[in-house]
Amino acid sequence: MAIKKKMANKKKKVARKSNTKSKKKIKSIKKKKKVVTKKIKVATKIKTKKRSKIIHLDTTKKRGKKMSTETVKGGVSSSLDTSHLKVPFPFKAKYGNYIGGKFVEPKSGKYFDNVSPINNEVICQMARSDAKDVDAALDAAHEAFKEWGKTDITTRSNIMNKIADVLEKNLNLLATAECLDNGKPIRECMAADLPLVIDHWRYFAGVIRAEEGSVAEISNSQYSYNIPEPLGVVGQIVPWNFPLLMATWKLAPALAAGNCSVLKPAEQTPASIMLMMELIGDLLPPGVVNIVSGFGLEAGKPLASSDRIAKIAFTGETTTGRLIMQYAAQNLIPITLELGGKSPNVFFEDIMDKDDAFLDKCVEGFVMFNLNQGEVCTCPSRALVQESIYDKFMEKVIARTKAVVQDNPLKMETMIGAQASVEQMEKIKSYLDLGKKEGAKVLCGGDVAKLNSGLENGNYIQPTIFEGDNSMRIFQEEIFGPVVSVTKFKDEAHALEIANDTLYGLGAGVWTRNGNIAYRMGRGIQAGIVWTNCYHAYPAHSPFGGYKQSGVGRETHKMMLNHYRQNKNLHVSYAENKLGFF
Amino acid sequence: MKVSATPTALELIEDLKKTHGKDLLFHQSGGCCDGSAPMCYPAKEYLVGDQDVLVGEIGGIPFYISKTQHEAWKNTDLIIDCIKGMGGMFSLDNGTGRRFLTRSEICVPEGASLN
C-alpha cells in the first residue's frame, strides 16, 4: 500500500493537481528520502566491508564504450551519472559467475559486454558461460543441498529475513543498479521493484514458520503423516523485465522450501543480480544459490535440459516454453511456466457517474500500460471501454498519457524510461507499423521517442494508444511496450466476450462502481488474476499465474511452495498383529 | 498467411546452416519477453505436431506456427528480417550478435474476397 501511495503521490505531482493534501504527502516523501539517505550511508559501509571478501577479477578497459558526452567518476558518460541519487556507480567493470559462494571466472574465459538501455553504453562485462560452468554450478548446488535440505525451518527463515534486511539497507544502490541494467525509471525501482523484492523474501521467511504438515487418523492404530520435502537442486531461468524481482519470485520460495538453485539471469539484464549476490552471498551457505550468466543457447539450454535438476522454472514466451516442457518430459521433472498474456482492462460506464477521486483512479488504471515501459507480462495492453462513456473517458486518458514524463530513467521525475534492449525496441516498432497497416487509429504516440542530452542512442518509445478492433494483431499479441489497443463494448456480455477472445489468460482489470458487475466479470474472465478497481498489484500474498496459453503453475503466495517440493507420506501402523493374508 | 525472408535473414540462415547443419526449422513464438520472435532450432530438437501449421519455407527451412496463433495472425504475411541483437533464448541466432525479427504485412485470408 505504501508503494501505491508513493507512486500516486509522484503522479499527482506531475499531473499538476496541487492541493494541500498532496503537499502534505510530498512532505512525507521528502522525510522518507532523508531516511533513505541515511540508509545509503550504512549500505555503502556494508558494501565496502563485504567487497574485501570478493574475488576481484580484471577490471580494466571497455566500460564507457560509445560514450556520447563527457565522462564522470566511474568511467561512464554523464547520462549514467548516479551521484544525484547519493550512491556510487553500482557496478564493477567485470563479473564472473557466482558459484559455490564466490565469484569465479567462466571456464572458457569469455565475457560479453553488458550495455545500459539508457544510452546503449557498455556498463560492465559479464561471464559468457557454457555447459561447463552450468555443471560446476550444479556440482556446488548438489553439495550444498546435502545440508540445506535438512536445515531447520527456523534457520532458513532467519537467513531469509537477514537477506531482506540487507537488501532494505541497500535499497537505493540496488534500485540504481536495476535502473541502469534494465532502463526502467528509478522511481519505479525505488517504490515498486525493490520494496517488492524485500517483501517476497520476508513473506516466504514468515510463511514457512506458520506451516504444518498434516496427520490423518486412518484407524486407531494407523496414521498417515504428510511431510513436505524439498525437490533438491532446481533450475531457474528469469526474464529481463524485472531482473531482481523475477529472480526473487523464483529464489525465495525455492530456498524457503529447502531447495538449492542454479539460476540464469537474462543476457539483456545480467548485472543487478550479481550486485545482489555481492551483498547477500555470505548470509547463505556456499552453493545454495548459484548464478550463471550468459546466453540462452549456451548457458540456459544446458541448464534446462540437464538431468541433474529436479525442476525447471521459466518465465518467457510460448515457443521456448514448449521446448522447456520437452526437456522436462525427457527428464520426467516438473515445470512452472509463465508465458505472458494480452490482458484486458475493462472500464464500465458507471465509473463516470461522478467526477471524483475514484474516476481519477480509473484514469490512472488505464494509463498503467506505461508501467515498466509496458514490459510486463500482465501489461493492460487491451483496454475495453463502454461505448456510452467512450469519448469523454478517452479524452481524460489521452491527456493523462500525454502528461507521462519520458526522460533519463535515472531522474526521479521520469515516469517512463528505456525499453530493455535494442531488439525489443525494434519489435515494438514493428508492431507500431503493423497497427497502422491494420487500420488502427493512433490516438497518441505511435513512434519512437527521440530524446537528446546524451540519450540519443537509448531505446525510447512514445506512450501509444491505438483504437481498433479485437481481431487485429495489435489486440492479439503482447507487444511488450508502452502500447495499448483500445476498443468499445456495448454491454457486460459483450465486454466478457471480447475480454476472453485471446489465446492468453494471465491478468485482467475490471473498473466499476457496481459490485455485482465486478464479481460476475471477475469470475467470467479466464485469467489467473483479475484486478478489481486496481491494477499492477503484486504483493507476495497474491498468487500469480496464467490460464490458457499463459503458462502452468503459480508464482508468489505460499501455494508456490508446493511447486518446489514433494509430499512425503509416512503411513504408520501401530498395530501388533498381522493382516492375515499370508 | 505466407512467410518470406529478407536478404539479411537469408544470409543469417546460411551462416547457421554452416555451424549447425542444414536440418533446421523455425517456430514462430508468442507471449511475453521474447514473444513474437521467430525461433530457429535443429529440426530434431523441436517437436512439431498436429497443433502446428507449416506456413512455408525460408532459405530451405520449414517455418511453423501453432494452429491457434495461426488463426489469430491469419490476416498477416510474415517477413522474417535480421537485426542486431543478442536475445532469442535457445534459438540458434542467440549469441551471434544478430537475431531474427518477424515483420508483418496485411494479407487477405484464403476464401475471403475484397468487396
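Visitor: What makes strand 5 of chain B mostly covered?
Guide: Of its 6 residues, 5 are buried. A residue is buried if 20 or more other C-beta atoms lie within 10 Å of its own, exposed if 12 or fewer, and partly exposed in between; C-beta atoms are placed from the backbone. Strand 5 of chain B spans residues 61–66. Strands are DSSP runs of E, at least two residues; helices are runs of H or I, at least four residues; both are numbered from the N terminus.

Visitor: Where do these numbers and letters come from, and what is the model?
Guide: Residues are numbered from 1 along each chain as its sequence is written, and chains are lettered from A and ligands numbered from 1 in the order in which they are written. The model is predicted: local features need pLDDT of at least 70, side-chain atom pairs count only at pLDDT 80 or more, and totals for chains, interfaces and linings use all residues.

Visitor: How do you know that strand 4 of chain B pairs with strand 5 of chain B?
Guide: Two strands pair if DSSP finds at least two bridges between them. Here 6 bridges join the strands, which run antiparallel.

Visitor: What joins strand 2 of chain B to strand 5 of chain B?
Guide: There are 2 bridges, and these strands run parallel. B:His27 has B:Tyr64 as its bridge partner.

Visitor: How many residues does each chain give to the contact between chain A and chain B?
Guide: Chain A gives 38 and chain B gives 35. Contact means C-beta atoms, placed from the backbone, within 7 Å. Helix 13 of chain A gives the most to chain A's side, with 7 residues.

Visitor: What makes a nonpolar core, and which residues have the most contacts inside the largest one?
Guide: Such a core is a set of buried Ala, Val, Leu, Ile, Met, Phe, Trp, Tyr and Cys residues joined through C-beta atoms within 7 Å. The largest has 202 residues; A:Met160, A:Leu167, A:Leu174, A:Trp201 and A:Phe347 have the most contacts inside it. Helix 6 of chain A gives the most to this core, with 13 residues. Among the residues that A:Trp201 touches are A:Met160 and A:Leu167.

Terms used:
Two residues are in contact if their C-beta atoms, placed from the backbone, lie within 7 Å. Lists of a residue's contacts leave out its neighbours within four places in sequence.
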